Amino acid sequence: MTVTEEIKSRLDLVDIVSESVSLRRSGRNYAGFCPFHQNTRTPAFFVFPETQTWRCFGACAEGGDLFSFVMKKEGWEFKEALKNMAQRAGVTLEEAKPVNKEKQKAQNKQAGLLQAASDYFHQLFLHAPQAEGARQYVARRSLNEETIAHFALGFALDSWDACRSHFNMQGYSDQELLAAGLLTENPDKGTKYDRFRNRLMIPIRDVDGRIVGFGARTLEKDGIPKYLNSPQTALFDKSHLLYGLDGAKRGIREARQAVIVEGYMDVMQGWQAGFRNIVAQMGTALTEQQLRLLKRYTKQFVLALDADAAGAQATLRSLQVARETLDRDVEVKFDARGLVHHEGRLQADIRVITMPEGKDPDNIIQENPEDWPKLVAQAKPVVAYVISVATAGLDMNDAKAKTAVAQQVLPLIKDIQDPIERDHYWQQLARTLRIDERALRQIRLPEKPRRTVRREETAAPTSKPIQTGKKGHAGWATVPKKGRSGVSPIATDMRQADFLHQIIRLPNLVLRVNQKLQECGQTKVMDDDFLLAEDRAIMRQMYHLIGASPVVTIDELWDSLEQTLQNRLKFLLTLPQSPETELERISDTLVLSVLDWRLAKVRQLLSEVKHLLHEAQSEGDSEALAIYQQQLRELPVAVLQLNKARDAMSATSRRRAEDALNGRF
């Protein structure tokens, strides 16, 4: 039983409605004047105790359950209604993890220290005579004053204790400076000294713009390492950070694409030239946590690798392309197989571009800004990119070399989740190697060693357990048994759950579905189409997010929901995906699903009204009798319209499927 169903089981809708509506008995039900529109002649508002639902048969033509009533009556959002009704019913709501106040206080103080350090380094860069070399370096990189200010570039003095002394005088202890990564310690001697010395300081911010660490470039000709980052701290974790994301969020949304580069200067140069959708990865390989951050804003990621990473077959080793990045002393790995896995898990589109020989994004944008968008447009899907790299310069008369390439690329193809995409690359690899596809499919690959999958690797991003209802599934509602029409609400419930699953995965689907519904004379999908209060709330939030931005991601939806709705969302995400991959056919299926559940709803209502009519006749209730007779004239018309729309949609869907089949052969 979900939280909302438990609340409804403890509260009587008749009692709740009676507080604001004067109800009178009408057979087994209650009637009154609708509180949502002006009416004084006919009490067309009914409450049905058996099903704990209400309906206005007058101007509103609306209905629902306890939650829809109080939300409409009080003007509450779902969260407010849930909180108030739970309190009234004596139901304890599941809460987020309690905050460790001491830990939070320490982190806030560390963030304040890092912000102060950023200001300190920035002022040194702008005004200190010792920073002249840093200013000249930045000038050579052609960064202007606006860019310097936006990224708050700084300078660390060539001193072992200047930073330490400055912040000791500000009241910060050595231990706090160590925790923030501003000091380092010699474990043998126990001495502490400034971590950053004679370096260009680049503040690193999290997605919310809070400074969490620094990247520091040496200003010495042979300085090692070229780039020195903050150590891992309570705030600084390279695997969860992307440099420049705080300032690129809007640009990524607008471009519907994030370009991931390998250097801080690449990001700065792009920002200065007006390319505001560029971020830099932190660490040696792009992580799934970094991609999840980006997926809040887009589903298309483009990796920019320079020519060294893909210029020769020799660089492709074990499906990883490795090289030393510009201005770094670490080896950045291009993990093709990992990226294919990321694509499947995140339902993303990851592409790769190769820089021209001897160029990187920084100097390409400096020299010819108009070339940058052209280069990005040439990005290839990961597998296509690997095929092109692996076969570059390949001797097509060398059978063993062709086998070696196939053994490198086939694991990627087999890991692709989408069957059509997977088949496409089978064919592409066969054509590229000039071999029969059937021979390619006969190649046996070494079996991957099995490993134990930890629970946290497959769990949705929440620390709270899903509630388990009577059916053994999270999010199952306690629903009434079959109504008088013989239609079980469970079938409709699961159709609606599948609908939400599909549009959460592909938000633009709902726009296609609505267009097709309107073309066949039906209204667009609304929140009151759904049986469950949680589903109605999620649908409302989806429309809110779609209206605010052309790109809606699962993470963004997740973050916008409170705990009860996150539990329901988690269940929806476990439902199987549609076997279809073509958006037009998926939307056809969803339209038919909407028409089916609307038809079931109207037929159910028609059956109920017929029963209510007999009750009104036996009770001699002339007012109720008139309302039910009017409904018996209107509801069959609605059934005919829905059947007509469904037949038209079925014919269109069949025709589209036949056209696709004929096109294939």
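Strand 9 and strand 10 (residues 211–218) pair in the antiparallel sense through seven bridges; two strands count as paired if DSSP finds at least two bridges between them. Helices (H or I, at least four residues) and strands (E, at least two) are DSSP runs, numbered from the N terminus. This is a predicted model, in which local features need pLDDT of at least 70, side-chain atom pairs count only at pLDDT 80 or more, and totals for chains, interfaces and linings use all residues. Residues are numbered from 1 along each chain as its sequence is written, and side-chain values use heavy atoms, with hydrogens and water left out.

Within this pairing, P203 has F214 of strand 10 as its bridge partner. Five residues sit between the two strands of the hairpin, where G209 takes a positive phi near 90 degrees. Strand 9 also pairs with strand 6 (residues 154–156), again antiparallel, this time over three bridges; here A156 stands opposite R199. Strand 9 (residues 199–205) is mostly covered, with seven of its seven residues buried. Buried here means under 20% relative accessible area, exposed means over 50%, and partly exposed is in between (1.4 Å probe, protein chains only).

Zooming out, the protein chain holds 27 helices and 20 strands. Of its 665 residues, 50% are buried. Its exposed surface comes to about 32,800 Å², with carbon and sulfur atoms supplying 49% of that; these areas come from the Shrake-Rupley method with a 1.4 Å probe, and for residues only the protein chains shown count as cover. Among contacts (heavy atoms within 4.5 Å) with a separation of 6 or more, 67% link residues 24 or more positions apart.

What about the nonpolar interior? In soluble globular proteins, nonpolar side chains tend to be buried together. A nonpolar core is a set of buried Ala, Val, Leu, Ile, Met, Phe, Trp, Tyr and Cys residues joined through side-chain atoms within 4.5 Å. The largest one has 86 residues, and I7, F45, F499 and Y628 have the most contacts inside it. Helix 26 (residues 583–619) gives the most to this core, 15 residues. Beyond its neighbours within four places in sequence, Y628 is in contact with F46, F57, V609, L612, L613 and A616. Apart from this core lies another, of 65 residues, which includes V138, I148, Y172 and L177.

Two loop residues give a closer look. N277 lies between helix 11 (264–272) and strand 14 (278–281), and counts as buried because its relative accessibility is 10%. The N277 side chain reaches the backbone oxygen of Q257 at 3.1 Å. Setting aside neighbours within four places in sequence, N277 also has A248, G251, I252 and A255 among its contacts. P369, in the loop between helix 14 (361–367) and helix 15 (371–377), counts as partly exposed because its relative accessibility is 32%. Residues up to four places away aside, P369 touches F275 and I364.

As for confidence, pLDDT (the predictor's confidence in each residue, from 0 to 100) averages 81 over the protein chain, and 84% of the residues score at least 70. Over residues 309–332 the pLDDT stays under 50, and the model has 71 contacts beyond four places in sequence for them. The pLDDT is also below 50 over residues 448–489, a stretch with 78 contacts in the model beyond near neighbours in sequence.

How values were computed:
Polar contact = N/O pair within 3.5 Å; in protein donor to acceptor, adjacent residues only side chain to side chain.
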